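Visitor: Could you take me through the terms used for this model and show what each one rests on?

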Amino acid sequence: MHVRGGDGGNGSVSMRREAHVPRGGPDGGDGGRGGDVVLVADRNTTSLLDLHRTPHRRGGNGGHGSGQNRTGAEGRDEVIPVPLGTVVRERDTGVVLADLVTDGQRWVAGRGGRGGRGNAAFATRYRRLPRFAERGEKVTDRSLRLELKVIADVGLVGFPSAGKSSLVSRLSSARPRIEAWPFTTLTPHLGVMRAGSDAEGQPIDVVLADVPGLIEGAAEGKGLGIQFLRHIERCLVLLHVLDAVPMEPDRDPVRDLAVLREELRRHDPTLLERPQLVVLNKLDLPDGEAMADLVLEQLTGAGEEVLTVSAISGVGLDALRYRLGALVAAEREVRGDVLVETVPSTDEEVVLRLSSAGERDFTVTPSDEGYVVTGERMARWVQMLPLEDWEAVRYLQGRLRRAGVEKALVDAGARKGDEVVIGDLVFDFDPDLDDLPAEEREAILAGEHDPEDVGDDGLSDDGASEEEERGDEPEVGA
């Protein structure tokens, strides 16, 4: 999706004009801030389909300020509901920006621009009648990529046609599509299963996630598994569903389990640290019982916890239901309220703090033409001030000097006449004498003194002595 906050409103240039109030002074109001684009996790939203259809979202612009110190209206916020489990990434870098897993959790995807200050805000005892005001801040577009990771307690992992969808349909009220060919399941399905009660008598409800089947090489993009392996990351318990009657002659349950484990390890090694349960399905078939008798001892000997079931006849489903409930309840007790491990969201709130002494929030970089000053704050100053007004230029010069930009340019090697670029502003550098090194400052001051102005009698052409010409106190004789 592509988001953009609203632009800030312009400040107003206005002078108070009122009967019996002479010299009313400036009374221009500030512009309103632009609206934000906000993502809100909503349990009643089930998909990202609306965002797929309308991926461009923008906040409302702020209103302009006006006279009599009236502030412009704030822009309208664009609030977008997203499903629980939505992960927000930078589109180009893939960096995770937010992980929305709690109902009502908010994240600002596109912040609105600041409103410009009116001329009343620039009035000081030295600048009593400012005739300039700031423009509203212009914000830029931001491209994001949204992923939905299903939040479930148990994730069913297995090869295509292993019977995962059949198990979910028998254990819960979910009705996923079931057919006799591979890759029937193309999207994840969730089902809620009642798995007994805990020690206090409270019922244990377990959410099952049926994801498309995995094949060897799924972590590299083969089949459909790479699109849905991320859903397994949210699960507390993994249920490996093994086909006791595989369709391919070179497959068997032991090899299938090894392949599934390897694909999970290649996708995310931490998945193998979750509680895991192995189930042999399709015992209703004659060959299924024979295969189960053949591999059951081998799997249990390797330390696996194995249950045998039939999704068609219902054999072993009660034991599977209660065992999954016990594993999920134990894992919930270990994790407490943190059922989903998330990445901390960024840009959630802006913390204002004073910069430490000597700390700079900008950089000075030499270029072929001169020097480039890079910094969000400096670029915002340049963009918001009307630099066609000489008062605004003088104000900007003082701001840059107080921020240490002029001193940093001198330290980087910039001298008078060099080209300096800040945002969209290009100007010739003219440093203050106090910012120059002592040797260069003395050389410039010495160059301003003309010895020809002083005669043989020690007086200049206007009758002043050499000491007075320099500004020194003349010596007093006895």
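Guide: What follows is a set of questions about terms, each answered by setting a value against its definition.

Guide: This is a predicted model, in which local features need pLDDT of at least 70, side-chain atom pairs count only at pLDDT 80 or more, and totals for chains, interfaces and linings use all residues. Residues are numbered from 1 along each chain as its sequence is written, and side-chain values use heavy atoms, with hydrogens and water left out.

Visitor: What makes E13 a largely enclosed strand?

Guide: Strands (E, at least two residues) and helices (H or I, at least four) are DSSP runs numbered from the N terminus, and buried means under 20% relative accessible area, with exposed over 50% and partly exposed in between, for a 1.4 Å probe and protein chains only. Six of the six residues of E13 are buried, so the rest of the structure largely encloses this strand. Gln276, Val278 and Leu280 point one way from E13, Leu277, Val279 and Asn281 point the other way, and all are buried.

Visitor: Why are E10 and E14 said to stand at the edges?

Guide: The open sheet of six strands has the order E10-E11-E9-E12-E13-E14, with mixed pairing. Strand E10 (189-197) and E14 each have a single partner strand, so one side of each is left without a neighbour in the sheet.

Visitor: What does right-handed refer to in the unit made by E12, H4 and E13?

Guide: A crossover is right-handed if, with the strands pointing away from the viewer, the path from the first strand over the helix to the second runs clockwise. E12, H4 and E13 make a β-α-β unit of this right-handed kind, and the crossover from E13 through H5 to E14 is right-handed as well.

Visitor: Why are H4 and H5 called oblique to each other?

Guide: Axes are lines fitted to C-alpha atoms, for helices over the stretch in contact, with angles from 0 to 180 degrees between N-to-C directions. Angles under 35 degrees count as roughly parallel, over 145 as roughly antiparallel, 65 to 115 as roughly perpendicular and the rest as oblique. H4 and H5 pack at about 50 degrees, with their axes 9 Å apart, and are therefore oblique. Contact means heavy atoms within 4.5 Å, and here Pro253, Val254 and Leu257 in H4 meet Met291, Val295, Gln298 and Leu299 in H5.

Visitor: What makes a set of residues a nonpolar core?

Guide: The set must consist of buried Ala, Val, Leu, Ile, Met, Phe, Trp, Tyr and Cys residues joined through side-chain atoms within 4.5 Å. The largest such core has 25 residues, among which Ile232, Leu238, Leu242, Leu264, Leu280 and Leu299 touch the most other members. A second, separate core of 24 residues includes Val154, Met193, Leu277 and Leu320.

How values were computed:
Two strands pair if DSSP finds at least two bridges between them.
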